[in-house]
Amino acid sequence: MSASPSHHAAAPVPQRVVLRHVLTHLVMPLLMCVGMGLAYLGAFHAPKPNHLGVAVVGSTPQVQVLAQTLKDKAGSGLDVTTVADQATARHELMNRQLVGAYVPDSATPTLLVASANSDTSATAAEKVFTAVAAQTADRPLTVTELTPLASGDPTGQGLFFLLVAVSIGSYASVAVIGGAGGVLRMRVRGLLVLGASLVVSLIGLLLAGPVFHLVDHDLAAVWALSWAYSAGVMAVGTALHTFLGRWTTLGTMLLFVMLNFTSSGGIYRPDLQNGFFGSLHAFWNGAGFLEGARNAVYFDGRGGLAGNVLTLAVWLVVGAAFMGVASLAEKRRRPLAAPETPAEREEELEEAVAA
C-alpha cells in the first residue's frame, strides 16, 4: 500500500493575478516619476530674475537716472533702489535685503555681492551689471565679495546637499518607525523620533564639519537646526503613516523632496523662481533649515534667523500634534483593523530605501 502524501503541492498562482499585483505596485514609482518631474522642472527649468533686489550706490542725479532706467527696462525682474553710500549697501547686503549693490565709477565700476545669500542670485546680478559697466563706463566690472565661503564649500551649495542628506535619513526612518514600529504606542514612537533625528543630525554634523569642512564655524548652530528639522520631518511622517499606510513613502517624498528641495533656496532662491515655489519658501521647513544655516554661518545671525527657527519650531509642534491625532485614530480603529504583517512592513521599508 502506498503512503498518502502528507501535503498537497501549492497550486500555481494565475498569471493574471501576478500581473495585476505588479501593475498595482507600479503605480507608486510612476506617481513618483510624475511628481519629481513636475516639481523639479517646474521649479528649475527656466530661471529668470523675479524681483531680484539690487541697488545703485550714490545720490547724484546720474545715479537716480541709472536706477530708474534699469527699473524701466527690467520691469518685475529687478527691484532697483538707490543707497547713499557703500556702508549702507554693505549693511543691506549683510541683512540679506539686497543681492547686489553697484558702485558706478568711470575707472573701476564695482559690484558688491554676498554670494552666501545665493550664488545663483549673485551671478544673475553680476550679469546685469557687467552689461551696465560696459555701456556706461566702458570698463570691466570688479566684483567684491562680502561673504567668503568655507574652504570645503567654494560654490556655497554644500549646505543644500547637507539638507538633502538629512532629509533622506529622516524620511527613510519614517518607514521604520511608522511601519515596523507601528505596533508600539505612539509615545514610544515619539521617543524613537527624537532619538533617530538626533542620530541623523549628528551624522549631518560630522559630514558638515570634520568630513567635508562645509562649515568652519557655528557648527553647533547648524547641528541644532538640523535636529529640529529632522525631528519635524519624522514627526509628520510617522503621523502620516497611520493614515496612509504603504503610501506614506509617496506622501513624505511629496512633502520633503518634491516641494521641499525645490523651494528651499538651495539652487535658486525666490528671486529666480516663479511665484508658487517662491511662496513655499516663506514657510516650508527645508527653507527654514537652509536659510537658518546660512544666516548663522555667513551673516552673524542676521537675515531672519529668528524667523527660520520659528518655522522649524512650528513644523515640529504641528508634527507632534499630528502624532497625537494619529494616536487617537489608532485607538479608535485598533479592534477593527489587523496590524501590518512583517512582510508588509519589510516591503514598505524596501520601497522607502529604493526611493
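Helices (H or I, at least four residues) and strands (E, at least two) are DSSP runs, numbered from the N terminus. This is a predicted model, in which local features need pLDDT of at least 70, side-chain atom pairs count only at pLDDT 80 or more, and totals for chains, interfaces and linings use all residues. Residues are numbered from 1 along each chain as its sequence is written, and side-chain values use heavy atoms, with hydrogens and water left out.

Start with the annotated spans. In an unreviewed entry, UniProt lists "transmembrane region" for residues 22-43, 159-184, 191-214, 220-240, 247-268 and 309-329. UniProt positions follow the numbering used here, feature names are shortened, and annotations may be inferred rather than shown by experiment. Residues 22-43 are 100% helix and 0% strand in the model. The end C-alpha atoms of that span are 32 Å apart. Residues 159-184 are 85% helix and 0% strand, with 35 Å between the end C-alpha atoms.

Next comes the loop between α1 (15-44) and β1 (52-57), where H51 sits. Phi of H51 is near 60°, a positive value in a residue other than glycine. H51 has 43% relative accessibility and counts as partly exposed. The scale is this: buried means under 20% relative accessible area, exposed over 50%, partly exposed in between (1.4 Å probe, protein chains only).

Six of its six residues are buried, so β1 is largely enclosed by the rest of the structure. In a regular strand the side chains alternate between the two faces of the sheet. Both faces of β1 are covered: L52, V54 and V56 are buried on one side, and G53, A55 and V57 on the other.

Which strands pair with β1? Strand β2 (residues 78-83) does, in the parallel sense, over six bridges. The chain gets from β1 to β2 through α2, and this β-α-β crossover is right-handed. Two strands count as paired if DSSP finds at least two bridges between them. V56 has T82 as its bridge partner in β2, and V56 stands opposite Y102 in β3.

Helix α2 (residues 61-74) contains K71. K71 is partly exposed, with a relative accessible area of 35%.

Strand β4 (residues 110-113) and strand β5 (residues 142-145) run parallel and are joined by four bridges. T110 stands opposite T142 in β5. With helix α4 (residues 119-136), these two strands make a right-handed β-α-β unit.

On a 1 Å grid over the protein atoms alone, a cavity is a set of points where a 1.4 Å probe fits but cannot get out, and a pocket is an open set with protein on both sides within 12 Å along at least five of seven lines; lining residues have an atom within 4 Å of a point. Grid points are joined across faces, edges and corners, and a volume is the space filled by probe spheres set on the points.

The structure holds two cavities of 30 Å³ or more. The largest cavity has about 60 Å³ of space. Its lining includes S115, D119, D153, T155, R294 and Y298. T155 lies in the loop between β5 and α5 (158-180) and is partly exposed, at 44% relative accessible area.

The second largest pocket has a volume of about 300 Å³. It is lined by 22 residues, and R96, R269, P270, H281 and E291 lie nearest its centre. Seven of the lining residues are nonpolar, 11 polar and four charged. In these classes Ala, Val, Leu, Ile, Met, Phe, Trp, Tyr, Cys and Pro count as nonpolar, Asp, Glu, Lys and Arg as charged, and the others, Gly among them, as polar. α11 (285-298) and α12 (305-333) each supply at least two lining residues, and α11 gives the most, with four.

R96 is found in the loop between α3 (86-94) and β3 (100-103). Phi of R96 is near 60°, again positive in a residue other than glycine. At 13% relative accessibility, R96 counts as buried.

Notes: A crossover is right-handed if, with the strands pointing away from the viewer, the path from the first strand over the helix to the second runs clockwise.
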